Every structure is written in structure tokens, then in C-alpha cells.
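I open a page of my notebook for a structure that is new to me. My plan is to look up a few side chains in turn and to write down what I find.

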Amino acid sequence: MKIIKNGLLEHALQAESPNSNVRPDETDISLIVIHCISLPPGEFGGPWIDRLFNNTLPGDAHPYFHGIQSLRVSAHLLIRRDGSITQYVPFHKRAWHAGISCYKGRENCNDFSIGIELEGTETADYDPAQYDSLVTAIGALADTYPGICADRIVGHSEIAPARKTDPGPSFDWAFFRQQLARGKHGAI
């Protein structure tokens with residue numbers, strides 16, 4: 001059963017970001033990149049991630065925000081600590097999540113990837129509800145985009161190793177891959 005229609009994940013809160021554009025080839029979606037984010041760093045909840053991805057982050061709301069308020073970034077999905085999902089960019093469009101990146105010799109990963117942010121840090125355990133939602137979302141993506149399979153799911157650190165370390169050691173890759181292999185929630 002597909003739960004993606006017109007590039008949107010059913011049951012996800014929609015908060016469209018202006019930080020996206022047309023992919024070079026909408027049919028070439030073949031990689032999932034897992035990230036982590038918390039704003040301010042180490043704090044969960046609140047409106048700040050939404051505000052960052054929608055270019056309305058106030059620089060004076062927290063000292064950390066002053067240095068990032070002018071960034072123009074987005075992700076396709078954000079999975080909050082409670083497992084709830086917000087979608088910022090339709091999957092057929094290019095979100096601005098990977099930056100300078102390369103996967104198996106192919107540069108510009110934003111062109112062919114889907115970016116999924118987990119609300120968290122590299123040092124704090126992710127919540128079980130986040131793994132459940134991630135597996136469910138990836139199952140729907142694999143049902144919709146045939147280029148996505150279990151071995152084409154990577155961390156940001158794998159495609160930009162000189163710049164990024166997320167989702168970090170707190171992300172339990174073995175548990176996550178075990179959930180995928182079990183086909184939990186219809187996943188791959």
C-alpha cells in the first residue's frame with residue numbers, strides 16, 4: 001500500500017520550504033541520506049527547525065542562531081523525538097540537505113537523494129518512535145521509488161566525510177538495519 005501521493009507522505013505535517021528546486025531527473029531518486037538536527041544544539045521541540053527550513057529563524061532568539069539564520073537549507077522530512085513527521089519538500093523536488101557531497105563517485109547527492117533529518121544529536125540516543133517512523137517512511141519511499149534499496153541508505157557522514165559526522169555514533173545502524181530486514185511497517 002503506497003502512502004506517497006504527488007510526492008507527499010500521507011499523514012506527515014506539511015510545512016513547505018522555499019529551499020528547494022527542480023531535480024535534473026525526477027525519476028533518478030536512488031539514495032536516502034540520514035541526518036540529525038537540534039535547535040538550539042542539544043535542545044528538542046520548539047519551532048526552530050521549521051523556522052530554519054522556512055528562512056524565518058530569528059537571529060536574536062538564541063546566540064547560536066545568529067550564525068545560521070542566513071543559511072538556505074531544507075530536508076524532505078524531519079522525524080521528531082515522538083516519531084511525528086514533518087515534510088518540507090515534495091520527494092520529486094530537490095531539497096538542499098547534502099551540500100558538497102559524493103556517493104560512490106557521483107557528486108551532488110541532492111540531485112538524486114532524499115534527505116531525512118532526525119531530531120537529535122550525535123551523542124544522545126534516538127527515540128524508538130523515531131526508528132519506527134523512519135522505517136515506515138523508507139518503506140513507503142522504496143515502494144514508490146525503485147532505485148531505493150537497503151544498501152542505498154547512508155548517513156550524511158558517508159557522503160561528506162570531510163565536513164559532516166551525523167547522524168553520529170548515537171544512531172544505531174545495526175538496530176535500524178535489523179528493522180528494515182524484518183520488513184517492519186512494510187519496509188524494505
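How many aromatic pairs does the structure hold? I count eight aromatic pairs, where rings of Phe, Tyr and Trp (its six-membered ring) pair if their centres lie within 6.5 Å, and planes under 30 degrees apart count as stacked, over 60 as edge-to-face and the rest as tilted.

Before going further I note that this is a predicted model, in which local features need pLDDT of at least 70 and side-chain atom pairs count only at pLDDT 80 or more, while totals for chains, interfaces and linings use all residues. Residues are numbered from 1 along each chain as its sequence is written, and side-chain values use heavy atoms, with hydrogens and water left out.

**Aromatic rings.** I looked up Phe-171 and Phe-176, whose ring centres are 5.5 Å apart with planes at 55 degrees, so I list the pair as tilted. Phe-176 also pairs with Trp-173, here edge-to-face, at 5.9 Å centre to centre and 80 degrees between the planes. Trp-173 and Phe-176 are three residues apart in helix 4 (residues 173-181), which means that about one helical turn separates them; helices are DSSP runs (H or I, at least four residues), as are strands (E, at least two), numbered from the N terminus.

For burial I use relative accessible area: buried is under 20%, exposed over 50%, and partly exposed in between (1.4 Å probe, protein chains only). Phe-171 is buried at 3% and Phe-176 is buried at 0%, whereas Trp-173 is partly exposed at 23%. I also find Phe-171, Trp-173 and Phe-176 in one aromatic cluster with Tyr-126, Tyr-131 and Phe-175.

**Histidine.** I find His-76 in the loop between helix 1 (48-53) and strand 6 (77-79), and His-76 is buried, with a relative accessibility of 0%. Its side chain makes a polar contact of 3.3 Å with that of Arg-23; the term means a pair of N or O atoms within 3.5 Å, where within protein one must be able to donate a hydrogen and the other to accept it, and residues adjacent in sequence count only if both atoms are side-chain atoms.

**Cysteines.** I searched for disulfides (pairs of cysteine sulfur atoms within 2.5 Å) and found zero. For Cys-36, the nearest cysteine sulfur, that of Cys-109, is 17 Å away, and Cys-36 is buried at 15% relative accessibility. The sulfur of Cys-149 is 15 Å from the closest cysteine sulfur, also in Cys-109, and therefore too far for a bond; Cys-149 is partly exposed at 31%.
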